[in-house]
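This briefing is for a reader who is new to the structure shown below.

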Amino acid sequence: KSCVDNGLPVIACIKTGDPWFHWVVIYGYDPTDKKVYLANNGWADTNGEMSYKEFKKLDSAEYLVCSPK
């Protein structure tokens, strides 16, 4: 969360089916509505939103932080 809070998008690997994975970019989240905002290729709704619950089901816990440094 701190990376996104500081304007650093996070690339996350999600499980799309055994043995397949897909990379998405997390660029925001909403703790009130419990959603993450993703730039992706069809793995969220049309607004790029996905519930925390759904994301945690797909999350592989592999991340890359996009940083200008």
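The largest pocket of this predicted model holds about 270 Å³ of space. Its lining is made up of 13 residues, and nine of these are nonpolar. The points below take up the pocket and then some individual residues.

**The largest pocket**

- Among the 13 lining residues, Lys-1, Ile-26, Val-36, Phe-55 and Tyr-63 lie nearest the centre of the largest pocket.
- Besides the nine nonpolar residues, the lining of the largest pocket has one polar and three charged residues.
- In general, empty space left among the atoms is found by rolling a probe the size of a water molecule over them.

**Lys-34 and its backbone angle**

- Lys-34 belongs to the loop between S2 and strand S3 (35–39).
- The phi angle of Lys-34 is near 55 degrees, which is a positive value in a residue other than glycine.
- Most residues other than glycine have a negative phi.
- Lys-34 counts as exposed because its relative accessible area, 52%, is over 50%.

**Asp-5 and Tyr-29**

- Asp-5 is located in helix H1.
- Along the chain, Asp-5 and Tyr-29 are 24 residues apart, and their C-alpha atoms are separated by 9.0 Å.
- The side chains of Asp-5 and Tyr-29 make a polar contact of 2.6 Å.
- Is Asp-5 buried or exposed? Asp-5 has a relative accessible area of 51%, and so it is exposed, the cut-off being over 50%.

**The aromatic pair**

- How many aromatic pairs does the count come to? The count comes to one aromatic pair.
- Tyr-27 and Tyr-37 form this pair, with 6.3 Å from centre to centre and 35 degrees between the planes, and the pair is tilted.
- The pair links distant parts of the chain, since Tyr-27 is in strand S2 and Tyr-37 is in strand S3, ten residues apart.
- Tyr-37 has a relative accessible area of 19% and is therefore buried, as the limit is under 20%.

Definitions and conventions: Residues are numbered from 1 along each chain as its sequence is written. This is a predicted model: local features need pLDDT of at least 70, side-chain atom pairs count only at pLDDT 80 or more; totals for chains, interfaces and linings use all residues. Side-chain values use heavy atoms; hydrogens and water are left out. On a 1 Å grid over the protein atoms alone, a cavity is a set of points where a 1.4 Å probe fits but cannot get out, and a pocket is an open set with protein on both sides within 12 Å along at least five of seven lines; lining residues have an atom within 4 Å of a point. Grid points are joined across faces, edges and corners, and a volume is the space filled by probe spheres set on the points. Ala, Val, Leu, Ile, Met, Phe, Trp, Tyr, Cys and Pro count as nonpolar, Asp, Glu, Lys and Arg as charged, and the others, Gly among them, as polar. Helices (H or I, at least four residues) and strands (E, at least two) are DSSP runs, numbered from the N terminus. Buried means under 20% relative accessible area, exposed over 50%, partly exposed in between (1.4 Å probe, protein chains only). A polar contact is a pair of N or O atoms within 3.5 Å; within protein, one must be able to donate a hydrogen and the other to accept it, and residues adjacent in sequence count only if both atoms are side-chain atoms. Rings of Phe, Tyr and Trp (its six-membered ring) pair if their centres lie within 6.5 Å; planes under 30 degrees apart count as stacked, over 60 as edge-to-face and the rest as tilted.
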